[in-house]
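Good morning, and thank you for joining this group meeting.

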Amino acid sequence: MTDAAADGAPARPRIHFTAHEGWINDPLGLTYHEDRYHLFFQHVPGSSEWAPEQHWGHATSTDLLHWTEQPVVLSPGEGDDGVWSGSLVVSDGEPIIFYTSVSTDDVQIGTVRTARPTSPDWSTWVKGPEVACLPGEVDALTYRDPQVFHDGTEWVMLMGAGLRDGTAVALAHRSADLHNWGPAAPIASRHRDEFDPVWLGAVWECPQLLQVDGRWVLTVSVWEPEVPYYEAYLIGDLVGGRFVGEHAGRLSYGPSYYAGSAYHDADRRPGLIYWLRGIDDPDGAWASAHSVPHTLHIEGDRLVAGPHPNVAAARRSGQQVRDGSVRTRGTYDVEVTLDSPSARGTLALAGAEVLMAAGQIEVTTPTGCWSMPGGSTRLRVLVDGPVLEVFGPSGTLAVPLPDPGGLTLQAEGALSAEIWDLH
């Protein structure tokens, strides 16, 4: 449970990070270091509304589920009107944050600055110089969100961008030493008028390149100016300094997931963690949450996500239900099984209904109905107060639950459910 959840507020999740107060959005730089995880995040202290004057918040955990919020590590000032999204790398034991510095004159075009810790527990950081900016010859509407990684040959700084002609693009700066960076060049791109097999928008926010099962995977947050959509991916390879995608798909569904951030856990498993939109305190003290960390693997030409194994490790007091109902705690993990590929059934919980059929999953709440492809007789569902996350072989779907105090789970139709309380 987060420290923030200790106040007992019924609308606050237990295993999905929320701040004590204020606005949060993009998770950043999730890193395992000296037996604990460090999570950073965009944060507006003292306000439950987004504002350009973003800070970097900080939280720590030993299990990726129960978080302790720490003091803010980076704030506006020293040349930054806002401290926006970025990443963290550790090279030869030296941690470095790369972040987007924005001016309120034009928050869409940032520059990249660094920060380094001044304490061994990463609780205090000092800002460094600007290390990268948008080349003058690149006619871009946006430029931000550095993700820094090593491609086996050199360091790469991946930047999210969108060109004025409607092309979404990931730009790449390169470096041999993490200090001196060359000019940005496109590493992957796609025009907004392309729809097959998935639409990828006019701007890529928070692009992430990581290796999964021996392949390179590019994940992007699909954005049209001022409108965030969903997480998409391309599976491919790095060839001659460019990413060549072979398979593309949509990874997230529903109104909540956005701004996926890549990480590796203590066992070097690759994954993503998301900002969850619409998970808000009814009293207005805090706004937004983060997903549980997802792990990633490849099945055929699809990227598949599931909840981190630590979720299953937190199970207790399991029970089964079929054509009936059970009462549970407010935080629980459910495995749903259809009787056959042609069967269909519903799972009713906390003010929402999950309709499961082999071809499609639908989630209905009083505020809307969202769907994603099915493709299996099995489904994984996490409920944590106001958060619902659904995991299938063809995507993940998250929605805010309107009744976070609801404790009754009911299975109807040709399905059964195994339910575990989580602690």
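This is a predicted model: local features need pLDDT of at least 70, side-chain atom pairs count only at pLDDT 80 or more; totals for chains, interfaces and linings use all residues.

Four strands form an open sheet in the order 13-14-15-16, with antiparallel pairing. Strand 13, residues 203-212, and strand 16, residues 242-250, stand at the edges; each has a single partner strand, so one side of each is left without a neighbour in the sheet. From one strand to the next, the twist averages 30°. Strand 13 pairs with strand 14, residues 215-224, in the antiparallel sense over eight bridges. Within strand 14, S221 is the bridge partner of E205.

I now turn to the pockets. What is the volume of the largest pocket? The value is about 660 Å³. The lining of the largest pocket consists of 27 residues, and L88, V89, V148, H264 and R268 lie nearest its centre. Which strands each supply at least two residues of this lining? They are strand 1 (22-33), strand 5 (82-91), strand 9 (140-150), strand 13 and strand 18 (257-264). By class, the lining of the largest pocket holds 15 nonpolar, ten polar and two charged residues.

The second largest pocket has a volume of about 400 Å³. It is lined by 19 residues, and those closest to its centre are N25, W50, E205, W223 and W275.

Finally, the cavities. Rolling a probe the size of a water molecule over the atoms shows where empty space is left. The count comes to two cavities of 30 Å³ or more. The largest cavity has a volume of about 70 Å³. Of the 13 residues that line the largest cavity, L28, S85, G86, C206 and Q208 are the closest to its centre. Strands 1, 5, 9, 13 and 18 each give two or more residues to that lining, which has five nonpolar, six polar and two charged residues.

The second largest cavity holds about 30 Å³ of space. Its lining includes M356, I361, R378 and P393, and by class there are five nonpolar, three polar and one charged residues.

Thank you for your attention.

Conventions:
Residues are numbered from 1 along each chain as its sequence is written. Side-chain values use heavy atoms; hydrogens and water are left out. Two strands pair if DSSP finds at least two bridges between them. Axes are lines fitted to C-alpha atoms, for helices over the stretch in contact, and angles run from 0 to 180 degrees between N-to-C directions. On a 1 Å grid over the protein atoms alone, a cavity is a set of points where a 1.4 Å probe fits but cannot get out, and a pocket is an open set with protein on both sides within 12 Å along at least five of seven lines; lining residues have an atom within 4 Å of a point. Grid points are joined across faces, edges and corners, and a volume is the space filled by probe spheres set on the points. Ala, Val, Leu, Ile, Met, Phe, Trp, Tyr, Cys and Pro count as nonpolar, Asp, Glu, Lys and Arg as charged, and the others, Gly among them, as polar.
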